[in-house]
Amino acid sequence: MDVRELLQRLPEPDPAGVDRVWARYRSGRRPAPRVPLWAPVIAIAAAAAALLVVNARTEPSRSLALGPGADAEGQLAWSQQVHLTLDGRGTATGTGHDLRIDWESGTIGVEVVPHSGTEVSVVTEEGTVHVVGTVFEVERDALGVTTRVSRGKVEVACRDGWSGALTPGERHTCTPLRPAGLLGRADALADSGAPSGEVLDALDRGLAQVEPGAPVGGELLARRIRVRAEAGDAEGALADADRYLAEGHGSRRLEVLATAGRVALGQGGCGAALRWLEPLRREGTPEDRVILASCLVERDPAAAAALATAALADDDGAMDAGWRAWARDLTGGAP
Amino acid sequence: MRRSLPDPALTAAALEGGQAELDALVRAWLPLVYAWSHRLGGPGVDAEGAAHETVLTMCRRLDRVRAPEVLPSWLFGICRRTIANHRRRAWLRRWVPGASTERAWTGAGPERDAEAQQVADAVWKVLDGLPAAQREVLILCELEERSGSEAAALLGIPLGTVKSRLRAASRAFRAAFPEADPLVAEVS
(Lines give C-alpha, C1' and ligand atoms only; values in the text may rest on other atoms or scores of the structure.)
Protein backbone atom coordinates (compact mmCIF):
# COMPACT_ATOMS: atom_id res chain seq x y z
CA MET A 1 0.00 0.00 0.00
CA ASP A 2 1.58 3.30 -1.03
CA VAL A 3 1.54 6.63 0.77
CA ARG A 4 -1.41 8.01 -1.18
CA GLU A 5 -3.54 4.93 -0.54
CA LEU A 6 -2.78 5.10 3.17
CA LEU A 7 -3.60 8.80 3.35
CA GLN A 8 -6.86 8.14 1.61
CA ARG A 9 -7.84 5.90 4.51
CA LEU A 10 -8.21 9.04 6.62
CA PRO A 11 -11.83 9.96 7.27
CA GLU A 12 -13.16 12.67 5.00
CA PRO A 13 -14.23 15.91 6.67
CA ASP A 14 -17.86 15.81 7.74
CA PRO A 15 -19.78 17.44 4.85
CA ALA A 16 -22.23 18.96 7.32
CA GLY A 17 -19.32 20.67 9.05
CA VAL A 18 -19.03 23.23 6.27
CA ASP A 19 -22.68 24.18 6.72
CA ARG A 20 -22.21 24.53 10.47
CA VAL A 21 -19.20 26.82 10.04
CA TRP A 22 -21.12 28.80 7.44
CA ALA A 23 -24.00 29.22 9.87
CA ARG A 24 -21.59 30.41 12.59
CA TYR A 25 -20.03 32.86 10.17
CA ARG A 26 -23.43 34.20 9.06
CA SER A 27 -24.64 34.63 12.61
CA GLY A 28 -21.55 36.39 13.89
CA ARG A 29 -19.99 38.10 10.92
CA ARG A 30 -18.56 41.54 11.20
CA PRO A 31 -18.23 43.93 8.30
CA ALA A 32 -14.81 43.53 6.74
CA PRO A 33 -12.57 46.52 6.80
CA ARG A 34 -12.43 48.06 3.40
CA VAL A 35 -9.77 50.06 1.73
CA PRO A 36 -11.28 53.54 1.59
CA LEU A 37 -11.85 54.82 -1.92
CA TRP A 38 -9.56 57.72 -1.24
CA ALA A 39 -6.65 55.53 -0.09
CA PRO A 40 -5.11 55.04 -3.55
CA VAL A 41 -5.38 58.77 -4.19
CA ILE A 42 -3.56 59.51 -0.95
CA ALA A 43 -0.94 56.87 -1.74
CA ILE A 44 -0.31 58.31 -5.19
CA ALA A 45 -0.19 61.82 -3.78
CA ALA A 46 2.24 60.71 -1.07
CA ALA A 47 4.48 58.98 -3.60
CA ALA A 48 4.34 62.01 -5.89
CA ALA A 49 5.10 64.31 -2.99
CA ALA A 50 8.03 62.12 -2.00
CA LEU A 51 9.35 62.22 -5.55
CA LEU A 52 8.95 65.97 -5.68
CA VAL A 53 10.78 66.30 -2.42
CA VAL A 54 13.56 64.06 -3.66
CA ASN A 55 13.91 65.96 -6.91
CA ALA A 56 13.41 69.46 -5.66
CA ARG A 57 15.57 69.60 -2.59
CA THR A 58 19.13 70.58 -3.10
CA GLU A 59 20.46 70.00 0.41
CA PRO A 60 23.21 67.40 0.51
CA SER A 61 21.32 65.29 3.08
CA ARG A 62 17.64 64.66 3.55
CA SER A 63 15.43 62.37 5.58
CA LEU A 64 12.15 60.64 4.74
CA ALA A 65 9.87 58.56 6.90
CA LEU A 66 8.96 55.36 5.06
CA GLY A 67 5.81 53.35 5.54
CA PRO A 68 2.03 53.51 5.51
CA GLY A 69 0.87 57.06 6.06
CA ALA A 70 4.46 58.36 6.16
CA ASP A 71 6.35 60.47 3.61
CA ALA A 72 6.70 57.56 1.21
CA GLU A 73 5.15 54.14 0.81
CA GLY A 74 5.06 51.48 -1.90
CA GLN A 75 7.74 52.44 -4.38
CA LEU A 76 10.28 55.20 -3.91
CA ALA A 77 12.93 56.45 -6.30
CA TRP A 78 15.34 57.88 -3.75
CA SER A 79 17.65 59.01 -6.52
CA GLN A 80 18.46 57.97 -10.04
CA GLN A 81 20.74 55.33 -8.57
CA VAL A 82 18.58 53.96 -5.75
CA HIS A 83 15.07 52.54 -5.97
CA LEU A 84 13.22 51.24 -2.94
CA THR A 85 10.23 48.92 -2.65
CA LEU A 86 8.57 49.37 0.71
CA ASP A 87 6.27 47.10 2.65
CA GLY A 88 6.99 48.18 6.19
CA ARG A 89 8.29 51.08 8.18
CA GLY A 90 11.59 52.90 8.58
CA THR A 91 13.53 56.09 7.87
CA ALA A 92 15.80 56.95 4.96
CA THR A 93 18.53 59.51 5.54
CA GLY A 94 21.35 60.67 3.27
CA THR A 95 22.17 61.95 -0.15
CA GLY A 96 21.65 60.59 -3.64
CA HIS A 97 24.92 58.67 -3.38
CA ASP A 98 25.06 57.78 0.28
CA LEU A 99 21.92 56.46 1.88
CA ARG A 100 21.30 54.99 5.31
CA ILE A 101 17.98 53.27 5.96
CA ASP A 102 17.01 52.60 9.55
CA TRP A 103 14.50 49.78 9.14
CA GLU A 104 11.97 49.06 11.87
CA SER A 105 9.68 46.35 10.52
CA GLY A 106 8.49 44.63 7.36
CA THR A 107 10.24 44.15 4.05
CA ILE A 108 12.29 46.59 2.03
CA GLY A 109 13.62 45.88 -1.45
CA VAL A 110 16.66 47.88 -2.53
CA GLU A 111 17.97 48.27 -6.06
CA VAL A 112 21.22 50.16 -6.49
CA VAL A 113 22.62 50.89 -9.96
CA PRO A 114 25.99 49.14 -10.15
CA HIS A 115 29.19 51.15 -10.56
CA SER A 116 27.42 54.40 -9.74
CA GLY A 117 29.49 54.99 -6.64
CA THR A 118 26.36 54.82 -4.51
CA GLU A 119 26.55 53.32 -1.04
CA VAL A 120 23.51 52.05 0.79
CA SER A 121 23.25 50.63 4.29
CA VAL A 122 20.19 49.09 5.86
CA VAL A 123 20.53 49.26 9.62
CA THR A 124 18.44 47.36 12.15
CA GLU A 125 18.91 46.60 15.79
CA GLU A 126 20.06 43.11 14.83
CA GLY A 127 22.64 44.05 12.21
CA THR A 128 23.72 46.12 9.24
CA VAL A 129 23.55 45.29 5.54
CA HIS A 130 25.97 47.25 3.42
CA VAL A 131 26.01 47.34 -0.37
CA VAL A 132 27.59 49.03 -3.33
CA GLY A 133 25.56 48.37 -6.46
CA THR A 134 23.23 45.41 -6.16
CA VAL A 135 19.64 44.23 -5.71
CA PHE A 136 18.61 42.83 -2.39
CA GLU A 137 15.78 42.65 0.09
CA VAL A 138 15.76 43.00 3.85
CA GLU A 139 12.87 41.69 5.89
CA ARG A 140 12.51 42.40 9.58
CA ASP A 141 9.96 40.21 11.29
CA ALA A 142 9.61 38.10 14.39
CA LEU A 143 12.30 35.69 13.24
CA GLY A 144 14.90 38.45 12.97
CA VAL A 145 16.31 40.33 10.00
CA THR A 146 16.59 38.30 6.84
CA THR A 147 18.63 39.52 3.90
CA ARG A 148 18.11 38.00 0.46
CA VAL A 149 20.34 38.91 -2.46
CA SER A 150 19.08 38.91 -6.04
CA ARG A 151 22.08 40.47 -7.79
CA GLY A 152 25.55 41.62 -6.78
CA LYS A 153 26.99 41.12 -3.33
CA VAL A 154 26.16 42.46 0.11
CA GLU A 155 28.09 42.52 3.35
CA VAL A 156 26.08 41.59 6.40
CA ALA A 157 27.24 42.23 9.95
CA CYS A 158 24.90 40.81 12.57
CA ARG A 159 25.09 41.87 16.17
CA ASP A 160 24.54 38.25 17.16
CA GLY A 161 28.13 37.65 16.05
CA TRP A 162 27.70 36.46 12.44
CA SER A 163 29.18 38.44 9.60
CA GLY A 164 29.84 37.60 5.99
CA ALA A 165 29.12 38.30 2.35
CA LEU A 166 26.01 37.10 0.57
CA THR A 167 25.85 36.44 -3.16
CA PRO A 168 22.77 35.97 -5.40
CA GLY A 169 20.38 33.33 -4.12
CA GLU A 170 21.85 33.39 -0.63
CA ARG A 171 20.09 34.58 2.49
CA HIS A 172 20.91 35.01 6.11
CA THR A 173 18.87 35.89 9.19
CA CYS A 174 20.36 37.99 11.95
CA THR A 175 18.55 36.84 15.06
CA PRO A 176 17.00 39.23 17.59
CA LEU A 177 19.16 40.28 20.51
CA ARG A 178 16.79 41.18 23.29
CA PRO A 179 14.73 38.72 25.32
CA ALA A 180 11.46 40.10 23.92
CA GLY A 181 12.74 39.71 20.36
CA LEU A 182 13.92 36.19 21.08
CA LEU A 183 10.50 35.38 22.52
CA GLY A 184 8.93 36.57 19.26
CA ARG A 185 11.40 34.49 17.27
CA ALA A 186 10.60 31.41 19.34
CA ASP A 187 6.86 31.89 18.73
CA ALA A 188 7.38 32.42 15.01
CA LEU A 189 9.57 29.32 14.79
CA ALA A 190 7.01 27.25 16.71
CA ASP A 191 4.19 28.45 14.45
CA SER A 192 6.17 27.52 11.37
CA GLY A 193 6.73 23.99 12.67
CA ALA A 194 10.48 24.40 13.21
CA PRO A 195 12.27 21.64 15.15
CA SER A 196 11.98 22.03 18.91
CA GLY A 197 15.76 22.44 19.18
CA GLU A 198 15.63 25.70 17.24
CA VAL A 199 12.75 27.00 19.33
CA LEU A 200 14.53 26.04 22.53
CA ASP A 201 17.72 27.75 21.34
CA ALA A 202 15.86 31.06 21.00
CA LEU A 203 14.19 30.60 24.41
CA ASP A 204 17.45 29.63 26.12
CA ARG A 205 19.21 32.68 24.69
CA GLY A 206 16.39 34.92 25.85
CA LEU A 207 16.41 33.44 29.33
CA ALA A 208 20.19 33.79 29.55
CA GLN A 209 19.87 37.55 29.15
CA VAL A 210 16.69 38.37 30.97
CA GLU A 211 16.78 40.54 34.07
CA PRO A 212 15.59 38.72 37.22
CA GLY A 213 11.88 39.23 37.73
CA ALA A 214 11.26 40.79 34.32
CA PRO A 215 7.85 39.83 32.92
CA VAL A 216 9.40 38.64 29.67
CA GLY A 217 11.30 36.06 31.70
CA GLY A 218 8.00 34.54 32.76
CA GLU A 219 6.81 34.45 29.16
CA LEU A 220 10.02 32.77 28.02
CA LEU A 221 9.74 30.20 30.80
CA ALA A 222 6.08 29.51 30.05
CA ARG A 223 6.96 28.85 26.40
CA ARG A 224 9.91 26.64 27.35
CA ILE A 225 7.72 24.55 29.62
CA ARG A 226 5.45 23.82 26.68
CA VAL A 227 8.23 23.17 24.17
CA ARG A 228 10.15 20.92 26.55
CA ALA A 229 7.01 18.97 27.33
CA GLU A 230 6.17 18.60 23.65
CA ALA A 231 9.72 17.39 23.02
CA GLY A 232 9.27 14.71 25.70
CA ASP A 233 11.49 16.43 28.27
CA ALA A 234 9.01 16.11 31.15
CA GLU A 235 11.64 16.66 33.83
CA GLY A 236 12.87 19.85 32.18
CA ALA A 237 9.32 21.09 31.79
CA LEU A 238 8.50 20.44 35.43
CA ALA A 239 11.75 22.08 36.58
CA ASP A 240 10.82 25.16 34.55
CA ALA A 241 7.34 25.14 36.06
CA ASP A 242 8.87 25.10 39.54
CA ARG A 243 11.16 27.97 38.55
CA TYR A 244 8.24 29.94 37.10
CA LEU A 245 6.33 29.73 40.35
CA ALA A 246 9.40 30.31 42.53
CA GLU A 247 10.24 33.51 40.64
CA GLY A 248 6.75 34.81 41.34
CA HIS A 249 5.56 35.27 37.77
CA GLY A 250 1.81 35.53 37.76
CA SER A 251 0.30 36.15 34.36
CA ARG A 252 0.55 32.55 33.18
CA ARG A 253 0.37 30.84 36.54
CA LEU A 254 -2.81 28.91 35.73
CA GLU A 255 -1.52 27.84 32.33
CA VAL A 256 1.76 26.70 33.89
CA LEU A 257 -0.05 24.73 36.60
CA ALA A 258 -2.35 23.15 34.05
CA THR A 259 0.50 22.18 31.74
CA ALA A 260 2.67 20.90 34.58
CA GLY A 261 -0.29 18.95 35.94
CA ARG A 262 -0.80 17.21 32.63
CA VAL A 263 2.91 16.54 32.15
CA ALA A 264 3.22 15.14 35.68
CA LEU A 265 0.11 13.05 35.12
CA GLY A 266 1.60 11.57 31.98
CA GLN A 267 4.92 10.93 33.69
CA GLY A 268 4.11 9.84 37.21
CA GLY A 269 0.33 9.51 37.42
CA CYS A 270 -1.98 11.21 39.85
CA GLY A 271 0.49 11.04 42.74
CA ALA A 272 2.87 13.28 40.86
CA ALA A 273 0.19 15.48 39.36
CA LEU A 274 -1.84 16.42 42.40
CA ARG A 275 0.48 19.13 43.68
CA TRP A 276 0.05 20.95 40.36
CA LEU A 277 -3.64 20.24 39.99
CA GLU A 278 -4.82 21.05 43.52
CA PRO A 279 -4.35 24.84 43.12
CA LEU A 280 -6.65 24.62 40.09
CA ARG A 281 -9.56 23.34 42.18
CA ARG A 282 -11.14 26.80 42.27
CA GLU A 283 -9.36 28.76 39.57
CA GLY A 284 -8.86 26.17 36.87
CA THR A 285 -10.88 25.66 33.74
CA PRO A 286 -13.65 23.06 33.72
CA GLU A 287 -11.23 20.71 31.98
CA ASP A 288 -8.61 21.21 34.71
CA ARG A 289 -11.21 20.35 37.32
CA VAL A 290 -12.29 17.24 35.47
CA ILE A 291 -8.67 16.04 35.47
CA LEU A 292 -8.36 16.81 39.16
CA ALA A 293 -11.62 14.96 39.81
CA SER A 294 -10.26 11.92 37.97
CA CYS A 295 -7.28 11.91 40.34
CA LEU A 296 -9.46 12.24 43.43
CA VAL A 297 -12.13 9.74 42.47
CA GLU A 298 -10.59 6.74 44.22
CA ARG A 299 -9.71 8.32 47.53
CA ASP A 300 -12.58 10.82 47.77
CA PRO A 301 -15.43 9.97 45.40
CA ALA A 302 -17.73 12.61 46.89
CA ALA A 303 -15.22 15.42 46.32
CA ALA A 304 -14.53 14.13 42.80
CA ALA A 305 -18.26 14.07 42.02
CA ALA A 306 -18.68 17.61 43.34
CA LEU A 307 -15.76 18.86 41.25
CA ALA A 308 -17.03 17.16 38.10
CA THR A 309 -20.54 18.48 38.69
CA ALA A 310 -19.21 22.01 39.14
CA ALA A 311 -17.06 21.65 36.02
CA LEU A 312 -20.09 20.62 33.98
CA ALA A 313 -22.09 23.52 35.38
CA ASP A 314 -19.33 26.02 34.55
CA ASP A 315 -18.64 24.66 31.08
CA ASP A 316 -19.35 27.37 28.52
CA GLY A 317 -18.98 25.05 25.58
CA ALA A 318 -15.19 24.75 25.72
CA MET A 319 -15.34 21.07 26.65
CA ASP A 320 -16.04 18.75 23.77
CA ALA A 321 -18.35 15.75 23.92
CA GLY A 322 -15.58 13.41 25.14
CA TRP A 323 -14.73 15.62 28.08
CA ARG A 324 -18.36 16.12 29.04
CA ALA A 325 -18.96 12.37 28.94
CA TRP A 326 -15.89 11.84 31.12
CA ALA A 327 -17.09 14.49 33.57
CA ARG A 328 -20.55 12.89 33.73
CA ASP A 329 -18.91 9.54 34.55
CA LEU A 330 -17.06 11.19 37.39
CA THR A 331 -20.20 12.69 38.90
CA GLY A 332 -21.19 9.15 39.76
CA GLY A 333 -24.81 9.92 38.97
CA ALA A 334 -24.95 13.05 41.09
CA PRO A 335 -27.49 15.55 39.76
CA MET B 1 -10.41 14.20 -3.07
CA ARG B 2 -9.21 17.06 -5.25
CA ARG B 3 -11.10 20.33 -5.08
CA SER B 4 -10.31 23.20 -7.45
CA LEU B 5 -9.38 26.56 -6.03
CA PRO B 6 -12.16 29.15 -6.28
CA ASP B 7 -12.17 31.62 -9.15
CA PRO B 8 -9.88 34.65 -8.48
CA ALA B 9 -12.71 36.79 -9.87
CA LEU B 10 -14.53 36.20 -6.58
CA THR B 11 -11.57 37.72 -4.72
CA ALA B 12 -11.47 40.68 -7.08
CA ALA B 13 -15.20 41.24 -6.52
CA ALA B 14 -14.81 41.00 -2.73
CA LEU B 15 -11.92 43.49 -2.77
CA GLU B 16 -14.05 45.97 -4.65
CA GLY B 17 -17.52 45.12 -3.41
CA GLY B 18 -19.57 44.90 -0.25
CA GLN B 19 -20.82 42.29 2.20
CA ALA B 20 -22.54 40.16 -0.45
CA GLU B 21 -19.31 39.75 -2.41
CA LEU B 22 -17.38 38.99 0.77
CA ASP B 23 -19.95 36.35 1.74
CA ALA B 24 -19.64 34.78 -1.70
CA LEU B 25 -15.86 34.60 -1.28
CA VAL B 26 -16.18 32.99 2.16
CA ARG B 27 -18.75 30.49 0.86
CA ALA B 28 -16.47 29.53 -2.02
CA TRP B 29 -13.37 29.01 0.13
CA LEU B 30 -15.02 27.48 3.18
CA PRO B 31 -15.02 23.84 1.99
CA LEU B 32 -11.29 24.03 1.28
CA VAL B 33 -10.46 25.83 4.49
CA TYR B 34 -12.50 23.30 6.44
CA ALA B 35 -10.81 20.40 4.67
CA TRP B 36 -7.36 21.84 5.40
CA SER B 37 -8.30 22.39 9.03
CA HIS B 38 -9.47 18.78 9.29
CA ARG B 39 -6.55 17.22 7.47
CA LEU B 40 -3.68 19.35 8.73
CA GLY B 41 -5.05 19.60 12.25
CA GLY B 42 -5.76 15.94 12.76
CA PRO B 43 -8.31 14.39 15.07
CA GLY B 44 -7.33 16.45 18.11
CA VAL B 45 -8.11 19.77 16.48
CA ASP B 46 -11.56 21.32 16.34
CA ALA B 47 -11.67 21.68 12.55
CA GLU B 48 -14.88 23.68 12.58
CA GLY B 49 -13.49 26.16 15.11
CA ALA B 50 -10.24 26.51 13.18
CA ALA B 51 -12.06 27.00 9.86
CA HIS B 52 -14.36 29.59 11.41
CA GLU B 53 -11.43 31.47 12.90
CA THR B 54 -9.58 31.35 9.57
CA VAL B 55 -12.43 32.85 7.55
CA LEU B 56 -13.00 35.55 10.16
CA THR B 57 -9.32 36.48 9.94
CA MET B 58 -9.59 36.50 6.16
CA CYS B 59 -12.53 38.92 6.32
CA ARG B 60 -10.77 41.15 8.82
CA ARG B 61 -7.54 41.40 6.84
CA LEU B 62 -8.71 41.12 3.26
CA ASP B 63 -7.69 44.70 2.59
CA ARG B 64 -4.07 43.54 2.82
CA VAL B 65 -4.46 41.38 -0.27
CA ARG B 66 -3.04 43.35 -3.14
CA ALA B 67 -3.96 41.07 -6.02
CA PRO B 68 -6.55 38.29 -6.28
CA GLU B 69 -3.88 35.82 -7.39
CA VAL B 70 -2.09 35.95 -4.04
CA LEU B 71 -5.18 35.12 -1.99
CA PRO B 72 -4.74 31.31 -2.05
CA SER B 73 -1.25 31.33 -0.50
CA TRP B 74 -2.18 34.16 1.86
CA LEU B 75 -5.26 32.29 3.05
CA PHE B 76 -3.35 29.03 3.36
CA GLY B 77 -0.87 30.89 5.57
CA ILE B 78 -3.67 32.13 7.82
CA CYS B 79 -5.13 28.64 7.99
CA ARG B 80 -1.70 27.17 8.83
CA ARG B 81 -1.17 29.63 11.71
CA THR B 82 -4.67 29.08 13.04
CA ILE B 83 -4.21 25.33 12.99
CA ALA B 84 -0.84 25.68 14.74
CA ASN B 85 -2.60 27.50 17.57
CA HIS B 86 -5.35 24.91 17.72
CA ARG B 87 -2.82 22.07 17.68
CA ARG B 88 -1.09 23.70 20.62
CA ARG B 89 -4.34 23.73 22.55
CA ALA B 90 -5.16 20.20 21.46
CA TRP B 91 -1.74 19.08 22.61
CA LEU B 92 -2.73 19.66 26.22
CA ARG B 93 -5.38 17.00 25.87
CA ARG B 94 -2.87 14.36 24.89
CA TRP B 95 -1.81 14.18 28.50
CA VAL B 96 -5.26 13.47 29.71
CA PRO B 97 -6.31 9.85 30.04
CA GLY B 98 -9.85 9.34 28.83
CA ALA B 99 -10.01 12.28 26.43
CA SER B 100 -11.65 11.17 23.22
CA THR B 101 -10.79 11.76 19.60
CA GLU B 102 -13.11 11.78 16.63
CA ARG B 103 -13.97 8.46 15.17
CA ALA B 104 -14.25 7.64 11.51
CA TRP B 105 -17.51 6.13 10.34
CA THR B 106 -17.49 4.18 7.17
CA GLY B 107 -21.01 2.84 7.32
CA ALA B 108 -19.75 -0.65 6.51
CA GLY B 109 -20.49 -2.48 9.71
CA PRO B 110 -18.82 -2.47 13.11
CA GLU B 111 -15.97 -4.83 12.24
CA ARG B 112 -15.01 -2.97 9.09
CA ASP B 113 -15.47 0.32 10.91
CA ALA B 114 -13.09 -0.66 13.70
CA GLU B 115 -10.52 -1.85 11.19
CA ALA B 116 -10.77 1.41 9.21
CA GLN B 117 -10.46 3.37 12.40
CA GLN B 118 -7.28 1.56 13.37
CA VAL B 119 -5.71 2.37 10.02
CA ALA B 120 -6.88 5.98 10.22
CA ASP B 121 -5.50 6.32 13.76
CA ALA B 122 -2.16 4.97 12.62
CA VAL B 123 -2.07 7.37 9.65
CA TRP B 124 -2.94 10.32 11.91
CA LYS B 125 -0.23 9.26 14.32
CA VAL B 126 2.45 9.16 11.62
CA LEU B 127 1.29 12.46 10.12
CA ASP B 128 1.32 14.03 13.55
CA GLY B 129 4.94 13.04 14.02
CA LEU B 130 6.10 14.69 10.79
CA PRO B 131 7.34 18.28 10.69
CA ALA B 132 4.55 20.66 9.69
CA ALA B 133 6.26 21.48 6.39
CA GLN B 134 6.32 17.81 5.36
CA ARG B 135 2.77 17.19 6.56
CA GLU B 136 1.53 20.05 4.39
CA VAL B 137 3.07 18.78 1.15
CA LEU B 138 1.83 15.26 1.80
CA ILE B 139 -1.71 16.48 2.36
CA LEU B 140 -1.72 18.81 -0.63
CA CYS B 141 0.08 16.58 -3.13
CA GLU B 142 -0.92 13.06 -2.08
CA LEU B 143 -4.26 13.41 -0.37
CA GLU B 144 -5.69 16.37 -2.28
CA GLU B 145 -3.82 15.26 -5.41
CA ARG B 146 -2.66 18.75 -6.31
CA SER B 147 0.16 19.28 -8.79
CA GLY B 148 3.57 20.34 -7.54
CA SER B 149 3.09 23.81 -9.04
CA GLU B 150 -0.28 24.22 -7.37
CA ALA B 151 1.16 23.18 -4.00
CA ALA B 152 4.15 25.49 -4.52
CA ALA B 153 1.80 28.42 -5.20
CA LEU B 154 -0.28 27.64 -2.11
CA LEU B 155 2.74 27.22 0.14
CA GLY B 156 4.61 30.17 -1.36
CA ILE B 157 7.75 28.11 -1.96
CA PRO B 158 9.64 27.04 -5.13
CA LEU B 159 8.54 23.92 -7.01
CA GLY B 160 11.90 22.28 -6.29
CA THR B 161 11.35 22.72 -2.57
CA VAL B 162 7.92 21.10 -2.84
CA LYS B 163 9.45 18.13 -4.62
CA SER B 164 12.28 17.70 -2.14
CA ARG B 165 9.91 18.06 0.82
CA LEU B 166 7.55 15.56 -0.75
CA ARG B 167 10.35 13.04 -1.24
CA ALA B 168 11.52 13.50 2.35
CA ALA B 169 7.97 13.33 3.69
CA SER B 170 7.15 10.16 1.73
CA ARG B 171 10.35 8.53 2.96
CA ALA B 172 9.63 9.52 6.56
CA PHE B 173 6.01 8.40 6.25
CA ARG B 174 6.96 4.98 4.87
CA ALA B 175 9.72 4.55 7.43
CA ALA B 176 7.40 5.37 10.32
CA PHE B 177 4.54 3.18 9.26
CA PRO B 178 5.58 -0.30 10.39
CA GLU B 179 6.26 1.05 13.89
CA ALA B 180 3.10 3.09 13.87
CA ASP B 181 0.83 0.13 13.93
CA PRO B 182 1.76 -3.36 12.82
CA LEU B 183 -1.92 -4.11 12.37
CA VAL B 184 -1.97 -1.76 9.40
CA ALA B 185 0.49 -3.98 7.64
CA GLU B 186 -1.93 -6.88 8.14
CA VAL B 187 -4.86 -4.83 6.96
CA SER B 188 -3.04 -3.57 3.90
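The pLDDT is the predictor's confidence in each residue, on a scale from 0 to 100. The structure is a predicted model, in which local features need pLDDT of at least 70, side-chain atom pairs count only at pLDDT 80 or more, and totals for chains, interfaces and linings use all residues. Residues are numbered from 1 along each chain as its sequence is written, with chains lettered from A and ligands numbered from 1 in the order in which they are written.

For chain A the average pLDDT is 83, and 89% of the residues score at least 70. The chain contains 12 helices and 11 strands, taken as DSSP runs (helices H or I, at least four residues; strands E, at least two) and numbered from the N terminus. Among these elements, mean pLDDT is lowest in helix α3 (residues 39-56) of chain A, at 49, and highest in helix α7 (residues 234-246) of chain A, at 94. Two stretches of chain A stay under 50: residues 30-39, with nine contacts beyond four places in sequence, and residues 51-59, with five such contacts. A contact requires C-beta atoms, placed from the backbone, to lie within 7 Å. Where contacts in chain A join residues at least 6 apart in sequence, 41% link residues at least 24 apart. Of the 335 residues of chain A, 36% are buried; a residue is buried if 20 or more other C-beta atoms lie within 10 Å of its own, exposed if 12 or fewer, and partly exposed in between, with C-beta atoms placed from the backbone.

Strand β9 (residues 154-158) of chain A pairs with strand β10 (residues 163-166) of chain A in the antiparallel sense over four bridges, pairing being assigned if DSSP finds at least two bridges between two strands. Ala157(A) stands opposite Ser163(A), and Val154(A) has Leu166(A) as its bridge partner. The two strands form a hairpin with four residues between them, and Gly161(A) in the turn has a positive phi of about 115 degrees. β9(A) is also joined by five bridges to strand β6 (residues 127-131) of chain A, again antiparallel, with Glu155(A) as the bridge partner of His130(A). In a regular strand the side chains alternate between the two faces of the sheet. In β9(A), Val154(A), Val156(A) and Cys158(A) form a covered face, while Glu155(A) and Ala157(A) form an uncovered one.

In chain B, helix α6 (residues 132-143) has 12 residues and spans 15 Å from its first C-alpha to its last, close to the 16 Å expected at 1.5 Å a residue; the expected span is 1.5 Å times one less than the number of residues. Because 10 of its 12 residues are buried, α6(B) is largely enclosed by the rest of the structure. The buried residues include Gln134(B), Arg135(B) and Glu136(B). Glu145(B), which follows the helix, has a positive phi, near 55 degrees.

Leu30(B) touches Val18(A), Val21(A), Trp22(A), Ala51(B) and Val55(B), not counting residues up to four places away in sequence.
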